[in-house]
Amino acid sequence: MELLGVGVIALVAIAFATVLSPRLGIASPLVLVALGVGASLVPFGPDLSVNPEMILAGVLPPLLYAAGVSVPATDFRRDFRSIGALSVALTIVSTVLMGVVFYWMFPDLSWPWAFALGAIVSPTDAVATAIVKRQGVSPRLVALLEGESLFNDAAALVLLRAAVAATASAVSLWAVAANFVVSMVLAVAIGWVVGRVSLWVRSWMTDVTAATVFSFAVPFLASLPTDAIGASGLVAAVVAGLVSGNGAARRLSPQVRRSHQQNWHTAELMLEGAIYLILGLELLRTIEDVRQDDLGILFAFGAAAVVLVAVLATRAAFVAPLLAIQRHAARRSPRVRPRLRRAIGQSDTATGAARKAARVVRWGQPDLTHHSRVEAVKQRLARANADHGYLLRSPLGPREGGVMVWAGMRGVVTVAAAQALPSDTPDRSLLVLIAYLVAISSLVIQGGTMAWMLRLLKPARAATPEELAVESVGLKEVLDAAVEDERQHLREERERSRSRRAAEADDRADPGTPSPTDAQGFPVSAEVSAVDEDRDHRIAIIKAEREALLDVRALGAFSSASLAAALAQLDAEQIRLEL
């Protein structure tokens with residue numbers, strides 16, 4: 001009964017923190033931490049002890065899955081190398097360098113424990129992405145930060161487990177590297193399979209509520225078996241989310257997708273809020289434990305300050321050359337695009353020739369092999385041209401680099417990983433407190449000054465109304481072409497239907513022929529049939545428009561924001577008609 005009461009109070013606290021944080025100008029995680037600290041000061045407050053594995057295995061997989069579903073797949077693909085560098089390479093570099101810092105601050109600490117602590121403070125938090133996105137910065141910058149926060153959590157936890165295992169037995173560097181690679185590869189494969197199968201299962205379910213309930217099991221269907229074979233369950237959950245999010249528009253109905261979006265947003269809010277409340281509840285208890293330590297509270301605050309400065313310096317040193325490589329790639333785009341356009345023009349000519357060749361009949365069927373190959377080459381050229389245009393429209397310079405560095409806040413995973421340290425960890429309470437202080441101070445300092453930093457640096461912003469207007473004209477042309485093709489198809493279907501109805505009318509002239517009825521057995525009038533047919537035709541046109549938008553999304557010809565808005569309008573119209 002006490003636990004139930006605590007849960008109800010936690011839900012109320014999360015709801016009010018979410019509503020009040022924009023008005024207070026404070027990130028909601030900080031409000032929740034403050035509420036947790038306040039609750040721990042109450043004499044009759046809750047005395048909770050949460051199993052860290054419950055957070056790692058029960059909370060992080062759905063959080064990362066939900067984040068993966070919402071990431072635009074095209075933007076993720078375009079910056080895949082940079083996202084991989086930030087989420088894997090930077091995490092490894094940060095783990096090593098922070099391990100050196102911890103070893104310097106704690107001479108009695110062994111190297112494996114130092115590297116374990118380095119892994120704990122290395123991953124960034126998704127809260128930064130939400131803060132930056134609200135400020136209207138470049139979608140490319142948002143995609144980089146989102147992609148990084150998806151995979152660096154898993155990378156850090158794999159390194160943490162390897163380091164903890166090394167404390168018990170001798171482990172070679174090559175063994176750790178091989179385990180890391182195998183863990184990632186297996187996780188990606190399992191996550192891909194689970195994502196594809198889950199889409200098929202949900203497309204088969206006609207009940208929206210049942211499909212949504214099943215979606216809550218998907219991240220665990222990916223993570224649990226992956227963890228069981230020693231791979232990264234978090235990576236599997238992320239990949240399952242990416243696959244599900246990218247394929248949902250084609251495989252799932254608008255009602256199912258709308259239900260998933262709303263319910264998963266609610267689940268994210270509750271799970272993330274619960275972690276920060278737990279952090280607030282345990283903060284004072286951890287401080288009380290550290291008071292009995294020889295080094296004391298002041299040392300913990302000083303060590304946290306050193307670690308925070310060190311992780312920011314490491315991040316800045318890594319981001320600078322990464323952006324230099326990106327600028328070099330962007331400088332090549334003006335030279336590459338004319339060649340791509342010429343190749344696309346040549347492919348158009350080849351496509352016409354391939355269509356003529358396809359008319360040659362072999363064994364009673366058209367020969368479409370050459371035509372399909374030419375179309376595939378044409379699509380790859382168009383995608384490459386759109387990618388280079390994306391690089392030119394969304395450059396990454398020093399201003400964007402400054403935002404990327406400052407947005408590297410620590411949060412949920414640092415807190416959860418610190419709690420997962422084994423009980424025999426040397427100076428465990430002190431080390432956990434340092435990790436807590438790094439996460440809290442990062443959110444306070446970096447999160448609290450993010451708006452000011454954006455005004456100071458002035459990075460590239462989101463698309464202007466003029467740019468969106470230009471894109472809307474291009475999207476309208478795509479939709480008009482799809483509508484015209486579908487209407488032509490519907491006109492042909494209608495002529496065939498009219499012929500069929502005329503034949504049925506002649507049959508009904510016979511007194512012995514029964515009148516048409518609906519599913520309940522009631523007679524159906526011609527007017528009702530016409531209304532139903534008109535509605536079905538409008539829905540068919542909407543589906544054709546959606547397919548056209550998804551095709552251009554795969555090519556990357558338009559921004560993800562414009563395509564998402566257009567798809568949302570089509571979904572709303574289809575839901576209205578079906579209701």
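**Briefing on the predicted model**

Asn-152 counts as buried because its relative accessibility is 1%, where buried means under 20% relative accessible area, exposed means over 50% and partly exposed lies in between, computed with a 1.4 Å probe on protein chains only. The model is a predicted one, in which local features need pLDDT of at least 70 and side-chain atom pairs count only at pLDDT 80 or more, while totals for chains, interfaces and linings use all residues. Residues are numbered from 1 along each chain as its sequence is written, and side-chain values use heavy atoms, with hydrogens and water left out.

**Overall make-up**

- The protein contains 22 helices and 2 strands; these are DSSP runs numbered from the N terminus, helices being H or I runs of at least four residues and strands being E runs of at least two.
- Of the 579 residues in the protein, 45% are buried.
- Where contacts join residues at least 6 apart in sequence, 83% of them link residues at least 24 apart, a contact meaning heavy atoms within 4.5 Å.

- Asn-152 belongs to helix α9, which covers residues 139–168, and when residues up to four places away in sequence are not counted, Asn-152 touches Ser-87, Thr-91, Pro-123 and Thr-124.
- The side chains of Asn-152 and Thr-124 are joined by a polar contact of 2.8 Å; a polar contact is a pair of N or O atoms within 3.5 Å, of which, within protein, one must be able to donate a hydrogen and the other to accept it, and residues adjacent in sequence count only if both atoms are side-chain atoms.
- Leu-570, in helix α22 (residues 560–578), is buried with a relative accessible area of 10%.
- Leaving aside neighbours within four places in sequence, Leu-570 is in contact with Ile-542, Glu-545, Arg-546 and Leu-549, and the C-alpha atoms of Leu-570 and Lys-543 are 8.3 Å apart although the two residues are separated by 27 places in sequence.

**Helix α7 and its packing against α6**

- Helix α6 (residues 80–105) and helix α7 (residues 111–120) have axes 7 Å apart and pack at an angle of about 125°; the axes are lines fitted to C-alpha atoms, for helices over the stretch in contact, and the angles run from 0 to 180 degrees between N-to-C directions.
- The two helices α6 and α7 are therefore oblique to each other, given that angles under 35 degrees count as roughly parallel, over 145 as roughly antiparallel, 65 to 115 as roughly perpendicular and the rest as oblique.
- The residues of the contact of α6 with α7 divide into 10 nonpolar, 4 polar and no charged, with Ala, Val, Leu, Ile, Met, Phe, Trp, Tyr, Cys and Pro counted as nonpolar, Asp, Glu, Lys and Arg as charged, and the others, Gly among them, as polar.
- In α7, 7 of the 10 residues are buried, so this helix is largely enclosed by the rest of the structure.
- The buried residues of α7 are Trp-113, Ala-114, Ala-116, Leu-117, Gly-118, Ala-119 and Ile-120, and what covers them includes α6, α9, α17 (412–419) and α18 (428–448).

**Two further helix pairs**

- Helix α11 (residues 208–228) packs on helix α12 (residues 233–251) at an angle of about 150°, with the axes 7 Å apart.
- From α11, Val-218, Pro-219, Ala-222, Ser-223, Thr-226 and Asp-227 make this contact, together with Gly-233, Ala-236, Ala-237 and Ala-240 of α12; by class, the residues are 6 nonpolar, 3 polar and 1 charged.
- The axes of helix α16 (residues 398–406) and helix α19 (residues 450–457) come within 10 Å and cross at roughly 165°, and α16 and α19 are therefore roughly antiparallel to each other.
- Arg-399, Gly-402, Val-403 and Trp-406 of α16 meet Met-450, Met-453, Leu-454, Leu-456 and Leu-457 of α19, a contact that divides into 7 nonpolar, 1 polar and 1 charged residues.

**Positive phi values in loops**

- Asp-427, in the loop between α17 and α18, has a positive phi near 50° while being a residue other than glycine, and with a relative accessible area of 37% Asp-427 is partly exposed.
- Lys-458 is likewise not a glycine and has a positive phi of about 55°; Lys-458 is found in the loop between α19 and α20 (465–508) and counts as exposed at 56% relative accessibility.
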